[in-house]
Amino acid sequence: MEQIKTDLMTINMGPQHPSTHGVLRLELKTDGEIVDSCRPYLGYLHRCFEKHCESLDYLKIVPFTDRMDYLAAMNNNWAFALAVEKMMGIEVPEKCEYLRVIVSELNRIASHIIAFGTFGLDIGAFTPFLLAFNQRELIFDLLEEASGARMLYNYIWVGGVARDVTSEWLKKVKGFCESYKPVINEIDDLLSYNKIFVSRAANVGIVPKDLAIDYGFTGPNLRGSGIEFDLRKDEPYSIYDKFDFDVPIGSGEEGTLGDCWDRYMCRIRETRESIKIIEQALEGISLEGDIYEAVPKNFNKMPKGEVYVRSETPRGEMGIYIVSEGGKAPTPYRCKVRSPAFCALSILEKIAKGVMISDIIVILGSIDIVLGEVDR
Amino acid sequence: MTPEEIFNKLKDKFGESKILSVHNNESAEVDICDPFINIEPLAMTEVAKFLKNDSELAFDQCCCISGVDLGDDLQAVYHLYSFNQKHKICLKATTNRENPAIGTTALTWGISGWLERETYDMFGIIFKNHPDHRRILLEEDWEGYPLRKDYEFPRYWRGMEVTPEEDYGTD
């Protein structure tokens, strides 16, 4: 039987496939149910972010960063603001730093809810998705109250934040933290240790440590492969060095180290750490002070030079590389975004060979891509 | 290791013709920049291999490759990080505009494959010996390289209007 030659069949998965989390086309060459090769085709959501940047001044770029990773807009705003602040040497008021931490960690939880919710959905578990989305709505209500928008906030500006908050809002955030804790335990019971889910996700899409580093894995994906690295901890920016939190890493407890279950579990555990950070930030924040104090009125003082700044978004390391010509030019000469999801997606070509077609969907769900950010 | 130490180590290995210079804020005559090392573009492949495999350097992750249009020249900027040694460095390879070619690093770091394809897509820099040298974000038959400063937006593409008439030729 082994001598019988079979033809490979080419199948297009996407671009409008619900489990590709956006518009991504995968060209699969399959031998029966087994994938022989997988070639991703990107660019369906390419909007030329980097070209647009070259004709906009720095404050006007912030709303564009929202639209890259639309599930974690706060973290994107912040990544860009960090780069410009480093360039201009702006000291952000402490109140703004606390506000940034609170909204970004809230947004991180919302983004991880999408990640594990839809991951369960891809595999066939519907209930945890709806349960988690209840919580996501609560976060959106909070962020809407703070910024005025549900998903694309334009909230973290260069040098500060866009709107002030009230002490009632802080109480509501506190209330959310309390309501979230039992829900995440419930998701553990419903999904994480569910026998069907574990057998579907464990031992699938294994990415060993060296491969993870080689293919640019960052964030929860990297930590799922057992590497303890978090920019908030290892290269603390803003005020993250004031907070006490753990960096959860994969351990291969249900299967092999670096499998889909490990990556999934890292996200679940990270949301708990985010709650810890928010609670500490709520205790530390003081509502006195002006939030616009350090917001630059214009960019005439922009120095000549370049910076590369990386920060931790829910998808991993977002790097912003800005080249500036100095004060006379109010726009960046070049602005490049190192997108974590783009880098993580590149591993698909490498690990797709020999897996089942249905496992491709599991792998895609577990590396948590957002096509808006992959294509930019 | 500090950028100077990395530079000296590379220079001892490859010589002055391939490892050109090291810069920081003062020597690069700008107000702000991270320290970087200029590399001869066609030597990138072997330099990258050494940077990864040497136990003291151990740059195991290529964070980012960015193209920059310098006017007369095109440049690729590599940001590298070592999880092992916890240090980082920036490399720059500058190539001419007419015949831009840089040695690939895709055989050294897996992620470079895609990052270099993106740089090719946007700037038209050819990465020599790249195993899969195609466009990545734009269509295969797209003309021109959008992030070059002299790029002109097309009026039509495959019969579709991609730039409205009133905007055409103004940018």
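**View 1. Chain A as a whole, with its helices and strands.** In this predicted model, chain A holds 15 helices and eight strands. Its radius of gyration is 21 Å, close to the 21 Å that the globule rule gives for 376 residues, so chain A is as compact as a globular protein of that length. Taken along the principal axes, the C-alpha atoms of chain A fill a box of roughly 75 × 45 × 35 Å. Of the 376 residues in chain A, 51% are buried, and among the contacts that link residues at least 6 apart in the sequence of this chain, 72% join residues at least 24 apart.

**View 2. Helices H6 and H11 of chain A, packed side against side.** Helix H6 (residues 167-192) and helix H11 (residues 260-284) of chain A pack with their axes 10 Å apart and at an angle of about 160°, which makes H6(A) roughly antiparallel to H11(A). The crossing of these two helices is left-handed. On the side of H6(A), the residues that meet H11(A) include Leu170(A), Val173(A), Cys177(A), Tyr180(A), Ile184(A) and Ile187(A), while H11(A) brings residues among them Met265(A), Ile268(A), Ile275(A), Ile278(A) and Leu282(A). Sorted by class, the contact of H6(A) with H11(A) has eleven nonpolar, two polar and five charged residues; Lys174(A), Lys181(A) and Asp188(A) of H6(A) are included in this contact, as are Arg272(A) and Glu279(A) of H11(A). An α-helix has 3.6 residues a turn, so residues three or four places apart point the same way.

**View 3. Helices H4 and H11 of chain A, where H11 has another partner.** The axes of helix H4 (residues 94-123) of chain A and H11(A) come within 9 Å and cross at roughly 160°, and the two helices are therefore roughly antiparallel to each other. H4(A) passes H11(A) in a left-handed crossing. The contact includes Tyr98(A), Val101(A), Ile102(A), Ile109(A), Phe116(A) and Phe119(A) of H4(A), together with residues of H11(A) such as Tyr264(A), Ile268(A), Ile277(A), Ala281(A) and Gly284(A).

**View 4. The buried residues of helix H2 in chain A.** In helix H2 (residues 58-66) of chain A, the residues Tyr58(A), Ile61(A), Val62(A), Phe64(A), Thr65(A) and Asp66(A) are buried. These buried residues of H2(A) pack against helix H1 (49-53), helix H3 (73-88) and strand E4 (156-157) of chain A.

**View 5. Chain B and the order of its elements.** The secondary structure of chain B comes to three helices and nine strands, which follow one another along the sequence in the pattern α-β-β-α-β-β-β-β-α-β-β-β. Along the principal axes, the C-alpha atoms of chain B fill a box of roughly 55 × 35 × 30 Å. Buried residues account for 42% of the 171 residues in chain B, and 48% of its contacts between residues at least 6 apart in sequence join residues at least 24 apart.

**View 6. The contact between chain A and chain B.** This contact takes 26 residues from chain B and 32 residues from chain A. On the side of chain B that touches chain A, the elements that give two or more residues are strand E3 (61-69), strand E4 (73-81) and helix H3 (112-123) of chain B, and E3(B) gives the most, with six residues. The residues on this side of chain B divide into 18 nonpolar, five polar and three charged.

Definitions and conventions:
Residues numbered from 1 in each chain as written. Chains lettered and ligands numbered in written order. Predicted model: local features only at pLDDT ≥ 70, side-chain atom pairs only at ≥ 80, totals over all residues. Contact = placed C-beta atoms within 7 Å. Helix = DSSP H or I, 4+ residues; strand = E, 2+ residues; numbered from the N terminus. Nonpolar A, V, L, I, M, F, W, Y, C, P; charged D, E, K, R; others polar. Rg over C-alpha atoms; globule rule 2.2 N^0.38 Å. Buried ≥ 20, exposed ≤ 12 C-beta atoms within 10 Å, placed from the backbone. Axes fitted to C-alpha atoms, helices over the stretch in contact; angles between N-to-C directions. Parallel < 35°, antiparallel > 145°, perpendicular 65-115°, else oblique. Left-handed = near helix turned anticlockwise from the far one by under 90°.
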